[in-house]
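Trainee: I'd like to learn how to read aromatic contacts in a model. Can we work through one?

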Amino acid sequence: QVQLVESGGGLVQAGGSLRLSCAASGLTFSTYSMGWFRQTPGKAREFVAASSRGGSYRLHADSVKGRFTISRDNAKNTVYLQMHSLKPEDTAVYYCAAANGWPARSYDYWGQGTQVTVSS
């Protein structure tokens, strides 16, 4: 049974930083590309960042480029999202996802999400 468990969300002031983690189990982590997405009520889920299987290739949405960085540790079956210079508009539920391919056309597994709230 595949599980993706996000952690690290919380309440932070604008300009602050957070690091999200996503621990994976039940899959061969190093064979999956990983992504981070976010969603706010009433809006579609938005792509944030993605990492290739080995981590050599990374993509970031324009809205977070220069502020967020995706990384992964295949020895720990974990993908991270380091977030700096947070803005109130970054407030959302953040989800990690796993895809069997790169670049990912669709994601096969999703976590339950972690809430990030940025106060102004």
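Trainee: Which residues do ring pairs link into a cluster?

Mentor: Phe 37, Phe 47, Tyr 107 and Trp 110. Keep in mind that this model is predicted. Across the whole structure, a search finds 5 aromatic pairs.

Trainee: How are the rings of Phe 37 and Tyr 107 arranged, stacked or edge-to-face?

Mentor: Look at the angle between planes; over 60 degrees counts as edge-to-face. Here the planes stand at 85 degrees, so Phe 37 and Tyr 107 are edge-to-face. Their ring centres are 5.0 Å apart.

Trainee: Where in the chain do Phe 37 and Tyr 107 sit?

Mentor: In distant parts, 70 residues apart. Phe 37 belongs to strand β4, residues 33-39. Tyr 107 is in the loop between β9 (92-99) and β10 (109-110).

Trainee: Is each residue buried or exposed?

Mentor: Under 20% relative accessible area means buried. Phe 37 has 10% relative accessibility, so Phe 37 counts as buried. Tyr 107, at 17%, also counts as buried.

Trainee: What kind of pair do Phe 37 and Trp 110 form?

Mentor: A tilted one, with 55 degrees between the planes. Centre to centre, the distance is 4.9 Å. This pair too links distant parts of the chain: Phe 37 in strand β4 and Trp 110 in strand β10, 73 residues apart. Trp 110 counts as partly exposed, at 32% relative accessibility.

Trainee: Which residue lies over the face of Trp 110?

Mentor: Arg 45, at 4.5 Å from the ring centre. Elsewhere, Arg 72 lies over the face of Phe 29, at 4.4 Å from that ring's centre.

Definitions and conventions
Residues numbered from 1 in each chain as written. Predicted model: local features only at pLDDT ≥ 70, side-chain atom pairs only at ≥ 80, totals over all residues. Heavy atoms only, no water. Phe/Tyr/Trp six-rings, centres within 6.5 Å; stacked < 30°, edge-to-face > 60°. Helix = DSSP H or I, 4+ residues; strand = E, 2+ residues; numbered from the N terminus. Buried < 20%, exposed > 50% of the residue type's maximum accessible area, 1.4 Å probe, protein only. Lys NZ or Arg CZ within 6 Å of the ring centre and 35° of its normal.
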